[in-house]
Number of protein chains: 2
Amino acid sequence: MAKKKALILEAALRLFAELGFDATPTSQIAREAGVSEGLVFRHFTSKDGLMDAILALADERMKKQVAAIARLPEPLAQIHAVIELPGRLLGEEREFWKLQFSLKWQKKYRNQSYQPSAHHLELVQIAAQAFEKLGYPEPEKEVGLLVLLLDGLSNQLLSQPEGSFDTTLVDFLKSKYQ
Amino acid sequence: MAKKKALILEAALRLFAELGFDATPTSQIAREAGVSEGLVFRHFTSKDGLMDAILALADERMKKQVAAIARLPEPLAQIHAVIELPGRLLGEEREFWKLQFSLKWQKKYRNQSYQPSAHHLELVQIAAQAFEKLGYPEPEKEVGLLVLLLDGLSNQLLSQPEGSFDTTLVDFLKSKYQ
DNA sequence: CACTTTTGTAAGTGAGTACTCACTTTTCTT
DNA sequence: AAGAAAAGTGAGTACTCACTTACAAAAGTG
């Protein structure tokens, strides 16, 4: 049942990521999902509601990734997993995260709970504890730096063309934390 | 004469940065500039033309900053200047750079010369030469890392509320390059 | 001054937008 | 099988948008 609902979500995700939320008409979403425009509103109430549904899914996926890192026993392995996170996320769910990043700059979504703050914060705590266990003198600052790197890394990966995932930089980065 | 032209540019810059290009109607630009809507089109032909004018200005400003760094005699001072660049740019021209970053994710502007590629590339070359002079074993990779950091730093500075510029992270980062 | 050009305005216009509604078809439940 | 609920349609509707047009006031120039 409601397999068309999933088609709408897929099309909306792809188009929002590619064209941006405002530049994507609901008519095009319906057309590319092979569905009538009215159905979009039956399932998601409004264009904003459609966005909400997409972002709820994104939150779910992030949650799982963070939980997996939290489960790692070795602190160094945790740090390395954090560094690998952007590559892992963007490899599979490119459009998802492209959308997340483009959203950051839209006032509309700046205050709300859409920012990946909850799981992001948890990740920061995990990394801070890992740095502490590894004996770094200033673990908080190290985490601050690491967060910066993750941000930049994600940006860069998204700016590059699809398949060309360059691991040398990630490896180089990991070699700095031994 | 044409002082109203400047008013239009200012209002457009502010609104594009705040709401995004697509979500900003030309009517609002005109209203906030205290000008009739028709004048926007007399001076800039189209909404896209208005954007072009804004981006041409951005390019000018970036050019000056890069030239100033190129002129520094000490390689270490150059690296530090590069690290300080986001803070310097965003301190003065916040809206300008917020717009630049939000544009990165819009398909419309992805292929064109709008990306700060020209001066950005020059900056990368300067940094690479500086790392080489300082005797780093892998200067290209170091530059790659530094670019990542700048990207992340800019993102973070733009996400934070206006005045609260935290220099501890920048200082910590500079301490890593001595 | 006369004139041309530039700068400005107010009131449109047609295309495209998010969303609704009356209705039909499919699926679930018993 | 019968009735209810859910899924789906497609033609509207009210409205907003970027842009145009007809015209007026300043400003520049001889």
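This is a predicted model: local features need pLDDT of at least 70, side-chain atom pairs count only at pLDDT 80 or more; totals for chains, interfaces and linings use all residues.
## Basis of the model

Local features require pLDDT of at least 70 and side-chain atom pairs count only at pLDDT 80 or more, while totals for chains, interfaces and linings use all residues. Residues are numbered from 1 along each chain as its sequence is written, and chains are lettered from A and ligands numbered from 1 in the order in which they are written.

## Surface near DNA strand C

DNA strand C is surrounded by 19 residues, the closest being Pro25(A), Lys47(A), Lys4(B), Ser36(B) and Gly38(B); near means a C-beta atom, placed from the backbone, within 6 Å. Two or more residues come from each of α2 (26-33) and α3 (37-44) of chain A, and α1 (3-19) and α3 (37-44) of chain B. Helices are DSSP runs of H or I with at least four residues, numbered from the N terminus. α3(B) gives the most, four residues.

## Surface near DNA strand D

Around DNA strand D there are 19 residues, of which Ser36(A), Gly38(A), Pro25(B), Ser46(B) and Lys47(B) are the closest. The largest share of this surface, four residues, belongs to α3(A).

## Setting of Val170(A)

Val170(A) lies in helix α9 (residues 168-175) of chain A.

Beyond its neighbours within four places in sequence, Val170(A) is in contact (C-beta atoms, placed from the backbone, within 7 Å) with Ile83(A), Glu84(A) and Gly87(A).

How values were computed:
Two residues are in contact if their C-beta atoms, placed from the backbone, lie within 7 Å.
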